[in-house]
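Dear colleague,

I am passing on the structure below, followed by some notes on what turned up in it. Please read them alongside the coordinates.

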Amino acid sequence: MTKTAPVTDSVKKVNNEFAVGDDLEFQKSWQKFERGVWILLTIFILLSLAGVFGRGPLAQGHIQASDGSLRVDYERVQRFGTPSVLTIHFPPDVIHQGTVQLWASDTLVKPLGTQRVVPQPMKSVIGGGGILYSFPATTVPASIEFQTQPAALGFSDLIVRVPGKAEVKTRIFVVP
Amino acid sequence: MYTLVHAVIGYFFLLLMVRVLARRPGAQMTPFEFVLVFLVGGVIILATVGDDRSMTNCYGGVIIICMMHHLMGKLKQKSEWWGRMIDGTPILLVKDDEWQTTSVNMTRVDDMDVMAAARAKGIKRLDQIKYAVLERNGAISIIKKDRNSS
């Protein structure tokens with residue numbers, strides 16, 4: 001059997017004749033909410049331009065080992081699945097016999113998602129929670145570029161060092 | 001998995017964006033507003049499917065968005081409050097020869113929009129309109145004055 005219900009005059013009327021169902025008070029409250037949202041959206045855009053969510057001036061990080069054995073240029077804030085570049089610069093005194101060695105914590109590979117290393121390392125040895133790379137270095141100053149594509153959200157601690165020298169420790173935040 | 005979560009977030013994000021964009025008469029979109037709809041949809045889809053363009057992923061995204069929309073429809077039916085949050089309420093623009101300026105300013109509707117809806121009803125002048133209402137679906141409803149009242 002089909003269910004039925006009586007039609008009632010439930011919609012609010014204007015001039016007691018025209019059923020509209022408007023609610024000006026609700027619309028006024030909604031307009032205040034809208035203003036709040038627009039303020040938040042504006043703040044979001046300004047922060048984005050500044051690079052708080054990556055890809056901007058505030059996201060650029062530069063850090064140097066206390067003994068000057070390497071310098072790292074990187075993005076403090078990176079975006080999930082979006083390419084980023086981490087560059088490591090070496091001074092002449094860490095290059096021996098045309099080779100420079102670098103130890104990097106394995107966070108560079110797993111959460112930060114290294115896709116490519118330029119130049120290609122001659123040798124990579126896994127161990128001690130990281131990877132020891134050996135690169136050819138015939139010119140000074142030398143630099144290595146890690147092209148990454150983060151595969152995990154949140155903070156990742158990154159440690160890099162030239163073996164036997166001071167390490168550089170930093171934290172990278174990956175946003176969605 | 002990510003796509004499904006992104007689709008749900010994207011659904012609510014677009015819902016919020018469309019709601020806070022202030023109600024323009026959606027049934028009378030200008031060509032640019034029409035293009036804007038596709039632009040916004042095109043941008044959000046990039047974040048939704050990411051680099052996984054498989055059938056499984058894309059169809060999963062479509063299914064979850066349809067399910068969300070179905071659920072929202074059910075919620076609107078069950079809860080008047082929810083209906084107001086999602087669709088707003090009808091807004092009276094003209095009443096008894098007077099523009100309801102608070103409502104008009106809120107909705108950014110102008111006399112041209114109202115007159116466009118009026119012409120579709122065979123009304124030639126604004127002063128022949130007794131009521132104009134911006135409906136929840138973005139259309140403008142026009143009620144003509146009675147002959148004896150005009």
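What percentage of the 176 residues of chain A count as buried? The share is 24%, where buried asks for 20 or more other C-beta atoms, placed from the backbone, within 10 Å of a residue's own, while 12 or fewer make a residue exposed and anything in between partly exposed.

Please bear in mind that this is a predicted model, in which local features need pLDDT of at least 70 and side-chain atom pairs count only at pLDDT 80 or more, whereas totals for chains, interfaces and linings use all residues. Residues are numbered from 1 along each chain as its sequence is written, and chains are lettered from A and ligands numbered from 1 in the order in which they are written.

Chain A has one helix and 13 strands, these being DSSP runs numbered from the N terminus (H or I, at least four residues, for helices; E, at least two, for strands). Its radius of gyration, taken over C-alpha atoms, is 28 Å, well over the 16 Å of the globule rule for 176 residues, so chain A is more spread out than a compact globule; that rule is 2.2 Å times the number of residues to the power 0.38. The C-alpha trace of chain A spans about 95 × 45 × 20 Å along its principal axes.

As for the interface, 15 residues of chain A are in contact with 18 residues of chain B, contact meaning C-beta atoms, placed from the backbone, within 7 Å. On the chain A side, helix α1 (residues 24-50) supplies the largest share, eight residues.

Best regards

Methods. Contact = placed C-beta atoms within 7 Å.
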